[in-house]
Amino acid sequence: ASIINDNYHIENRMMLEGEIINTTGEVIEIPESLNEISLSKNIFGVVRFDAIINGKLINSYTADGILVCTPTGSTAYNLSCSGPIVDPTAEIITLTPIAPHTIINRSIIISDNSIVELKITELRRNTRCYVLYDGQEIEVFNGDTIKIRKSDKVTKIIKFEDRSFIDTIRENIS
């Protein structure tokens, strides 16, 4: 009934996309993802990787992985990794390390027009590593680079209530 009566609005949600460039130069496309594109290892070991934004190294991590999130994905896995809660209509990208082996465990929030590169520098013995995007996975290897950027495509979400993001946060905190 709400749709028939035009009692709704549509929110556009940004998405991410990217590619994996392996050591032979082969390019594997990462399709659009609504929540996040992550680098994650299996049960054993850790992965070492460099996080590069717009061609500049921001940090070298030894961790279980990293999440590169859209605002929509900020309240799922990102939140459980101590990442920030982000308004789903914001136009930003959040990087949150997964169980980093460092004293400082902070998310980094960057502009939506940034290019994120994750370069795998070491996989310790028996460690397998994957790029995960909205439930799909691609195995990656030592020396591979993952490039992630905002997609030109958006997800359209139909909203029936006039409840704001702030109202939802306030209700869930109290």
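Colleagues, let me open with a single residue. S82 is exposed, its relative accessible area being 58%. In this scheme, buried means under 20% relative accessible area, exposed means over 50%, and partly exposed lies in between, with a 1.4 Å probe and protein chains only. What we have before us is a predicted model, in which local features need pLDDT of at least 70 and side-chain atom pairs count only at pLDDT 80 or more, while totals for chains, interfaces and linings use all residues. Residues are numbered from 1 along each chain as its sequence is written, and side-chain values use heavy atoms, with hydrogens and water left out.

S82 also has a backbone feature to report. Its phi is near 70°, a positive value in a residue other than glycine. S82 sits in the loop between α1 (77–80) and β7 (92–98). Helices (H or I, at least four residues) and strands (E, at least two) are DSSP runs, numbered from the N terminus.

N54 likewise has a positive phi, of about 50°, although N54 is not a glycine. This asparagine lies in the loop between β4 and β5. Is N54 buried, exposed or partly exposed? With a relative accessibility of 46%, N54 counts as partly exposed.

Let me now turn to the chain as a whole. The protein chain contains two helices and 12 strands. Read from the N terminus, the order is β-β-β-β-β-β-α-β-β-β-β-β-β-α. The C-alpha trace spans about 60 × 35 × 30 Å along its principal axes. For 174 residues, a compact globule would have a radius of gyration near 16 Å, and the 17 Å of the protein chain agrees with this. That radius is taken over C-alpha atoms, and the globule rule is 2.2 Å times the number of residues to the power 0.38.

Of the 174 residues, 42% count as buried. The protein chain exposes about 9,600 Å², and carbon and sulfur atoms supply 50% of that area. These areas come from the Shrake-Rupley method with a 1.4 Å probe; for residues, only the protein chains shown count as cover.

Next, contacts, meaning heavy atoms within 4.5 Å. Among contacts between residues at least 6 apart in sequence, 65% join residues at least 24 apart.

As for charge, the protein chain carries 17 positive and 24 negative side chains, and the centres of the two sets lie 6 Å apart. Lys and Arg count as positive, Asp and Glu as negative, and His and the chain ends are not counted. Each charge is placed at NZ of Lys, CZ of Arg, CG of Asp or CD of Glu.

How many aromatic pairs does the structure hold? There is one aromatic pair. F49 and Y61 form this pair, which is stacked, with 5.3 Å from centre to centre and 25° between the planes. The pair links distant parts of the chain, since F49 belongs to strand β4 (residues 47–53) and Y61 to strand β5 (residues 56–63), 12 residues apart. By definition, rings of Phe, Tyr and Trp (its six-membered ring) pair if their centres lie within 6.5 Å; planes under 30 degrees apart count as stacked, over 60 as edge-to-face and the rest as tilted. F49 is buried at 0% relative accessible area, and Y61 counts as buried at 7%.

I turn next to two strand residues. M15 lies in strand β1 (residues 9–21) and counts as buried at 11% relative accessibility. M15 and T70 are 55 residues apart in sequence and 6.4 Å apart in space, C-alpha to C-alpha.

K147 lies in strand β12 (residues 145–159) and is partly exposed, with a relative accessible area of 29%. Not counting residues up to four places away in sequence, K147 touches E17, G18, E19, I21, V116 and E117. The C-alpha atoms of K147 and P100, 47 residues apart along the chain, are separated by 20 Å.

Two further residues remain. N113 is located in the loop between β8 (108–111) and β9 (116–123) and is exposed, at 61% relative accessible area. Between the C-alpha atoms of N113 and T102, 11 residues apart along the chain, the separation is 28 Å. I169, in helix α2 (residues 165–173), counts as partly exposed at 21% relative accessibility.
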